[in-house]
Amino acid sequence: MIATGSLEPVDGGQVGGEPVIGWRVWGLTNDRLLSIAQGASWEPGENQARCLAGREHDVPAPSCHCGFWALNNPVPAMHLALSNRPWPVAVGLIRGYGAIALHGREGFRAGLASVICIFSDAPEPLVTELGDARRRVAEEYGVPCIVLDAAISIGFLHEMGVGSQAVEQLKAWIAAGRPVPNADLIRLKRQVDWLRAQGLTNMEIARSLNVRTVEIKVDTGPDDLVRLIAEHRR
Ligand SMILES: [Zn+2]
């Protein structure tokens, strides 16, 4: 589903063509899906990204954070969702298309995106009220609302284009009792998200948290950025 090796632009630059599938986390309010960092509401069907830093360029631009973000692997998405507690969240799959910037193995940013499905029991095991809220929002967006185990066992994920490795990761995470990321990492993640929302570049974010490393690049994705800052802070 995601191009690898030499096809990956090292700078997160634009590549054309093929739609990509990714894991996405939203805030859940009044039967709407909202982006966690910006609070922008997603629409049913096609969503067109604009530059939220207010810059005049095509989206997604190589040196900007704009475009619809999604992750290749479900576990970082579940961790992101868990770190947003106590606010209600929904985890689902999106299809990104139009101009797409690939971010290594982590994920992508797309100029156009639509919601494919919502999981009723992600990230936490089914809690009735939240499950109901997710079912309502899925109906609102005209997409299926599905339980993770079922999505795995009936082959729904494969059918949607989710890779076997991602499915195996998800199975292992569920089998391990859905472990949550530790509190320090959650705090750091919140700080980084807030700084990103202020329009700071990755390097500015790292510098403001007293971290200097050449490993942090313009196109380092949010999860890798948090991981690298956590590692180099020690
Ligand atoms: Zn931009």
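**A guided look at the fold**

Guide: Let's start in the loop between β4 (47-48) and β5, where Pro60 is found. This is a predicted model, in which local features need pLDDT of at least 70 and side-chain atom pairs count only at pLDDT 80 or more, while totals for chains, interfaces and linings use all residues. Residue numbers run from 1 along each chain as its sequence is written.

Visitor: What joins Val59 and Pro60?

Guide: A cis peptide bond, with omega about 0 degrees. Another cis peptide bond joins Ala122 and Pro123, where omega is about 5 degrees. Pro123 sits in the loop between β7 (107-119) and α2 (128-141).

Visitor: How do you know whether the span of helix α8 agrees with what it should be?

Guide: The expected span is 1.5 Å times one less than the number of residues. For the 12 residues of α8 (residues 222-233) that gives 16 Å, and the end C-alpha atoms are 16 Å apart, so the two agree. Helix α5 (residues 164-175) also has 12 residues and reaches 16 Å, close to the 16 Å expected. Just after α5, Gly177 takes a positive phi of about 85 degrees.

Visitor: How do you know whether the radius of gyration agrees with a compact globule?

Guide: The radius is taken over C-alpha atoms, and the globule rule is 2.2 Å times the number of residues to the power 0.38. For 234 residues the rule gives a value near 17 Å, and the protein has 17 Å, so it agrees.

Visitor: Why is Leu80 called buried?

Guide: A residue is buried if 20 or more other C-beta atoms (placed from the backbone) lie within 10 Å of its own, exposed if 12 or fewer, and partly exposed in between. Leu80, placed in helix α1, has 24 of them, so it is buried. Buried residues make up 39% of the 234 residues.

Visitor: And why does Arg178 count as partly exposed?

Guide: Arg178 has 16 C-beta neighbours inside 10 Å, so it falls in the partly exposed range. This residue lies in the loop between α5 and α6, and its phi is near 55 degrees, a positive value in a residue other than glycine. Asp31 has 13 other C-beta atoms within 10 Å, so it is partly exposed too. Its phi is near 60 degrees, also positive, and Asp31 is found in the loop between β2 (20-29) and β3 (32-35).

Visitor: What makes a set of residues a nonpolar core?

Guide: The set must consist of buried Ala, Val, Leu, Ile, Met, Phe, Trp, Tyr and Cys residues joined through C-beta atoms within 7 Å. The largest such core has 48 residues, and Leu33, Ala77, Ala81, Ala90 and Val91 have the most contacts inside it. Strand β6 (residues 89-103) gives the most to this core, with 8 residues. Apart from it lies another core, of 7 residues, among them Leu188, Val192, Leu225 and Ile229.

Visitor: Which residues are buried in α8?

Guide: They are Pro222, Asp223, Asp224, Leu225, Val226 and Ile229. What covers them includes β5 (68-71), α1 (74-83), α6 (183-197) and α7 (202-208), where contact is counted when C-beta atoms, placed from the backbone, lie within 7 Å.

Definitions and conventions
Helix = DSSP H or I, 4+ residues; strand = E, 2+ residues; numbered from the N terminus. Contact = placed C-beta atoms within 7 Å.
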